Amino acid sequence: MDDPGKVGPQLRLTQGPDDAEPQSNTVESQGDVVPQHSATEESRAMIPQLSSGHPLPVGVQGRHLVFNLESEQAPQIGDTNIHTTGSVYNAPVYQQHITQHVTVYQTYEQAHCSSQLPAPHHLDEETAPKLPTTAHSSEQAHCLSQLPASHHLDKETTPKLPTTAHSFQQPHCSSQQNPKRNLKTLLKERTEAIADEQPSLADFTKRKITPVNLAIVDKPQKIDNEFQAEGHYRSRKELAKVYNIQQSDITGEEMFGRAKETAQQEAEWKFKINEKKAKQDYVEKHGSVVGVVGQAGIGKTTSAKKWAMQGLRGKLFGKISYFFYIVIRHIDFTRKMTLLQFLLSSMSIEPDYTPEQEKSIINAICNDPNVVMIFDGFDEAAFQSFSKQVPQPRLHSKYKAENYLKHLAGGNLLPRARKIFTSRPTQLYKLHPSYRPRFIVQILGLTQTSQDELGLQICGDRYGDIQQKLEQNRNVFAYCYVPVNFILTLVYLMNYDGDMQVVSLTRVLAFTCGQYTRTEHLKGEDRQLNTLAKLAYDAFLKMEIVFKAMAFEQAGIKESTADAFTNTSVTKHGNFKLTILDGDKVRYFSHLIWQEFFAGFYLMMIMSLDEFEKILKQLSDDRWEVVSKFVFGICDSSVFNQLEPLVPESSFDIWKQKKSLLLKFIQFKPKLSNDGEILQVCSWAHESNDPEIASSVASLLPDQLDFRGSSLLPVDYESLLFVIQHRAKPPKLCREKDILRVCSWAHESNDPEIASSVASLLPDELDFRDSSLLPVDYETLSFVIQHRAKPLKKLNLSDNKIGNTGAASLAPCLHNMEELILRRCEIGSEGVEKLCDGVKKLTKPLKTLDLFHNKIGNTGASSLAPCLHNMEQLILWECEIESEGAEKLCDGVKKLTKPLKTLNLSHNKIGNTGAASLAPCLNNMEQLILINCGIESEGVEKLCDGVKKLTKPLKRLDLSCNKIGNTGAASLAPCLHNMEELKLLKCEIGSTGVKKLCDGVKKLRKPMELLDLSWNKLTDESAESLAGSVHNIIFLKVSGNHFTAAGKNLIRSKSRGEVKF
């Protein structure tokens, strides 16, 4: 035996005899070449030899771990994965004994594997298999390298193998004494391994990426047959700033609770009160399924992995017995299998149970409420039709994966298990209603906080500078709520030192692609991108996202090129002569956005003109949405210049002809009316950054834009504005929510040019009554209205809680509107003061300022007095103004050089004193409305003193709901010639008062326009008085009085105008 204190030499060993390729029978040992001993026929047939002649159960050849599990001398029970911090590989685990610091193994025939072990798969006293000890002959193996006593392979003792993302061995479930317990352990290990995988884009950033929290919303579900194309979402209940800040209204912890609540609500109206069992079944079935939708790259998989890891650590889902994390693209949709086979093989676990054990396990899973299942990537399911119905599987029969998936999503299968399905929106909503989850949440992307956290991870100390570049390029920043777009953009900005006029995601990807192909390991392999693009396009047509690794080899694409844009997964193994890129592997693009980019790249840069012309009609299909966008993006001349060096055979003339074909394709479209089509073609034009394409799209827009039912994304606003700038007469937005969102985006940009473009979309009148506006909405509206070329005719914000702060926000935009209606807006004297600051600066008067039912008081009235010259109509109905305030207003009216058209002080307690204060200023106003102001006959008398002195008649005096009685009516009679309309509803006037008024009417040289005496104490006696004067009244209103038919007929018979009883 060698010196136990001496560390053995580095090993280089030959393969076993069952391997296909013949090997040299030499071994290198620290530079020496030593003859290799041959094994005995029986016990040592499979054992590589050390230079010392001792057998070793596993060996290393080059960078490959070599052994053969199908050999007759292989372990009898099974094997286990050994996971290290570096590579992932498979090896038998042998019982070992420690003697004087030398690790001695049993002979190969005696060795056998342990049962499946928990991570990190090292053996301890409890888990090590117990073997009989024997004296060890010189023929028995021992290892020269010193292994730690825990039998755990660490960084120093682990053979070094090449690594790659997503490489793993397929664990094996065998018929053991306690299969359920062992399965639970194995499932948790596999779930942890999947959840711990790094995002594919980590390869591009060269940094480890830790998941960040994303914004998730629980929106009301509209389950019908009309589905939105991906990227165009429904409204949220509350929207703050949509441009670059997303907000959550639900967390991962709350999802299943909300799902249950939704199911309970539905069950209440679906079933009768006495159908308790049916209700319980419905809630159990649908309350345990959550759909999670979001566009490509938004972070669905990242969120799912984060939830899985939280669940494994006991921070989510509560107690868990069986945890399944199923990546749907790994499912074999072609073969029939049992339910357990479907669940396990989808996790790359090969089940090997007896029928009885399998039945027992499925029954346990079916009845266990602590089962959690995450199905990631439902949109990648290889269904013939998402909307097609399929038979419900029986528990212990064999069916295809489509049957299992659809009935699991609908809660029909394993109803007690909690299930999460992630998907792009279109595919999940296309499911038949009996399979579609009743409760769906939507991932909106990065919040401002999570964006900063991710940016710091990727850019480090440079993030501050990169963030400034993003702020300067709002068009790209609009994409950055999507994590994958944000990451690629950061990489772009970190590496690009040229002109930062970035306008499209196509530019970012084209630049990134060009830069990556110029890196050292891809230099000189540009031509392979042509073939890669063709593979991407063909797979897109077939709706495939997974490629056999053989396809890359057959196409002549080197591994270095494939590794740049794709990831590898191992699906099944052969003889276990396995390295990271051997075996039956599949590849898929590191993100679907790369596959779609390369498909668009192939269409514009490689495909023949004839073939390109044939596929044009397909560009409008929902499935082509992203690819079509990239096709138009490559119409950008700067993108073409970036990509042209990568495709030597590309032709500028061919590119130009394809661009002309796209223009014709757009021009032949009818006038756009569908909101989805409008947004689609606008996004094409914006991505192209081409004025000619934008002008063609602009000519197709309707005069009014109504995006009812569509929740626009930030990039949609940019696209619309880009196109509208190329239209002679901008269209108008109709829907209030669309207006608020586009104004919010413009305000966030703080760009006058963008604000002017948005302002051109606004209709001439904005009505946001009772719209639950947020404080920020008043700021955004004000910012955009300030940039209108033509003043807004009316802004109505009534019944919103504007308050003093909101009023202050509106002040700067008052110069660009004609009427401002702020009824019941909780504005006080402080807010009125701020508004008045804006009114004083006007160069043209406001036509109307309506502050109905705001508690501005005398102080507010005092603030308004100095700026009355800049308004034509002031409505202060029920504003808690008293006589003092009325006096201040009168002081302001007296100073006017042009009469105030209307002053309305109704429902304020100004009383007789206030009425007296107003009398001297009547010559400087056209209408005075004083309904229910506590005025009596004394106050009326004072007012009449002012009326008598007028040189021009009042157009209207309204004293309704004041107790002026007969005396007040008598005071009004002598001055009727100085008013065109007099309204005296509910003024407690009787026959005596009416007689006095009629005497005044008789004396008029010109008929009164209106006399309203409704709801007073008039009888047939009054009818005789009215009959004698009604010929001098154009419109007489006497509703709600006590006339008989005879009295009414008498009045009608004498009238020359209209009488209303």
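This is a short walk through a predicted model, from the whole protein down to single contacts.

Start with the whole. The protein has 38 helices and 34 strands. Of its 1061 residues, 56% are buried. The accessible surface comes to about 46000 Å², and carbon and sulfur atoms hold 47% of that. Among contacts with a separation of 6 or more, 76% join residues 24 or more positions apart.

Now look at the rings. The whole structure contains 25 aromatic pairs. One of them joins phenylalanine 540 and tryptophan 624. Phenylalanine 540 has a relative accessible area of 7%, so it counts as buried. Tryptophan 624 is buried too, because its relative accessibility is 2%.

Phenylalanine 597 and phenylalanine 598 also pair edge-to-face, at 5.7 Å centre to centre and 65° between the planes. Phenylalanine 597 is buried at 0% relative accessibility, and phenylalanine 598 is buried at 0%.

Elsewhere, ring pairs connect Phe333, Phe375, Phe378, Phe383, Phe386 and Phe421 into a cluster. Lysine 406 lies over the face of phenylalanine 383, 4.9 Å from the ring centre. In another place, the charged end of arginine 823 sits over the ring of phenylalanine 852, 4.6 Å from its centre.

Finish at helix H24, residues 691-698. Aspartate 690 caps its N-terminal end. A side-chain oxygen of aspartate 690 lies 3.1 Å from the backbone nitrogen of glutamate 692. Within H24, Ile693, Ala694, Ser696, Val697 and Ala698 are buried.

How values were computed
Residues are numbered from 1 along each chain as its sequence is written. This is a predicted model: local features need pLDDT of at least 70, side-chain atom pairs count only at pLDDT 80 or more; totals for chains, interfaces and linings use all residues. Side-chain values use heavy atoms; hydrogens and water are left out. Buried means under 20% relative accessible area, exposed over 50%, partly exposed in between (1.4 Å probe, protein chains only). Helices (H or I, at least four residues) and strands (E, at least two) are DSSP runs, numbered from the N terminus. A polar contact is a pair of N or O atoms within 3.5 Å; within protein, one must be able to donate a hydrogen and the other to accept it, and residues adjacent in sequence count only if both atoms are side-chain atoms. Contact means heavy atoms within 4.5 Å. Accessible areas come from the Shrake-Rupley method with a 1.4 Å probe; for residues, only the protein chains shown count as cover. Rings of Phe, Tyr and Trp (its six-membered ring) pair if their centres lie within 6.5 Å; planes under 30 degrees apart count as stacked, over 60 as edge-to-face and the rest as tilted. A charge sits over a ring if NZ of Lys or CZ of Arg is within 6 Å of the ring centre and within 35 degrees of the ring normal.
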